[in-house]
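Biologist: Could you walk me through this one slowly? I would like to begin with the sheet.

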Amino acid sequence: MSATTPAPLLEVHDLTVHYALPGRSRFLGGGKLRVHAVDGVSFDLGEGETLGIVGETGCGKSSLGRAVLQLVRPTAGSVRWRNRDLCTLPEGELREVRRELQIIFQDPLSSLNPRMTVGEIVAEPLRLHQPGMPAEERQRAVAEMFTRVGLRPDMTSRYPSEFSGGQAQRVSIARAMILAPRLIVCDEPVSALDVSIQAQVCNLLRDLQRETGISMIFISHDLAIVRYMCQRVLVMYLGQVMELADRDALFDRPLHPYSRALISAVPRADPQHLVAEIPVLDGEMPSPIDPPGGCPFHSRCPQAIPRCISTRPPLEDTGDGRKVACHRWREPPGSVPQMTRQP
Ligand code: SF4
């Protein structure tokens, strides 16, 4: 790293999350069956940066976000936040650090306590982390936060059930922002909302980021939204990183066949880009309980060769600031066989 490059706020190295399936053992050889939710993921994140994490349902995006925040304890690897490894921090110290690290969930109405008023919900982190704060000051902070997220302060006495999905997500954002965190993990924050509301919530997040300089991890299966929100994008498949690149590099020239397939499914304004050789993603992702050897994408990859079945490709630096895990990334897409669309 050069002397002028600031150290990343967050450095994730070889992060692994395996879950044991309760009560289920392998028939032969014994041992518990394990879900390989996250398998050796590494990335970093700078101040004020938004990193998108994309991939199909079940690829490990949410587990990765939760493991970064230590809401699930990783099986292996490290998560360095401002040079402290969260994975080895004692619970007491971790609790202190947690005020800097917040999360917004997909479904706001199920993530808000229905028995508390929304004012109490937003005030709760202040009660926990700043117990000495006078009640009046807390109420003032909550009212100000309501205004910042586009809600009226007089709404604080209402209950979550009285809010629309978009309003409830604004309450979730207010709760996440009330402690002035430095990192927020947005786990599919708009996918439960009407399309007309999605843009409003995305713009709110961008405005808050501009005002506060907060860093974001933005998890989504919607690549159009990721393109709008993020500076860099990490593409995941079966718990592993397939490609990590600047947004424009990834969307303009994806190197990994899986990235190409995902991006080909994003509607574009320019029909010229919908060229015939763009691959279509066929079949289903293999089970993360017993992931295949070699390249995890080989069973669906239109470019697979025998080596892909036997040898896992390393995540290679391509020399232009991106990383890709594919034996054939150097070959232009048009020079290798492509999967064709089924009639
Ligand atoms: Fe496809 Fe092989 Fe590359 Fe995997 S390593 S993405 S199977 S070409």
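Biologist: What order do the eight strands of the open sheet have?

Modeller: In this predicted model, the strands of the open sheet follow the order β6-β7-β8-β3-β9-β10-β12-β11, and their pairing is mixed.

Biologist: And which strands stand at the edges?

Modeller: Those are β6 (101-104) and β11 (316-317), and because each has a single partner strand, one side of each is left without a neighbour in the sheet.

Biologist: How many bridges join β3 to β8?

Modeller: Four bridges link β3, which covers residues 50-54, to β8, which covers residues 215-219, and the two strands run parallel. Within this pair, Ile-53 has Ile-219 of β8 as its bridge partner.

Biologist: Which strands does helix α7 lie across?

Modeller: Helix α7, made of residues 195-212, lies across β3, β6, β7 (183-187) and β8, and the helix runs at about 160° to β8.

Biologist: Switching to the ligand, where does it sit?

Modeller: The ligand sits in the largest cavity, with 13 residues around it, of which Cys-295, Cys-301, Cys-308, Cys-326 and His-327 come nearest.

Biologist: How do the residues of that shell divide into nonpolar, polar and charged?

Modeller: Eight residues of the shell around the ligand are nonpolar, four are polar and one is charged.

Definitions and conventions: Residues numbered from 1 in each chain as written. Predicted model: local features only at pLDDT ≥ 70, side-chain atom pairs only at ≥ 80, totals over all residues. Heavy atoms only, no water. Pairing = 2+ DSSP bridges. Contact = heavy atoms within 4.5 Å. Axes fitted to C-alpha atoms, helices over the stretch in contact; angles between N-to-C directions. Near = heavy atom within 4 Å. 1 Å grid on protein atoms, 1.4 Å probe; cavity = no way out; pocket = protein on both sides within 12 Å on 5 of 7 lines; lining within 4 Å. Sits in = over half its atoms within 2 Å of the grid points. Nonpolar A, V, L, I, M, F, W, Y, C, P; charged D, E, K, R; others polar.
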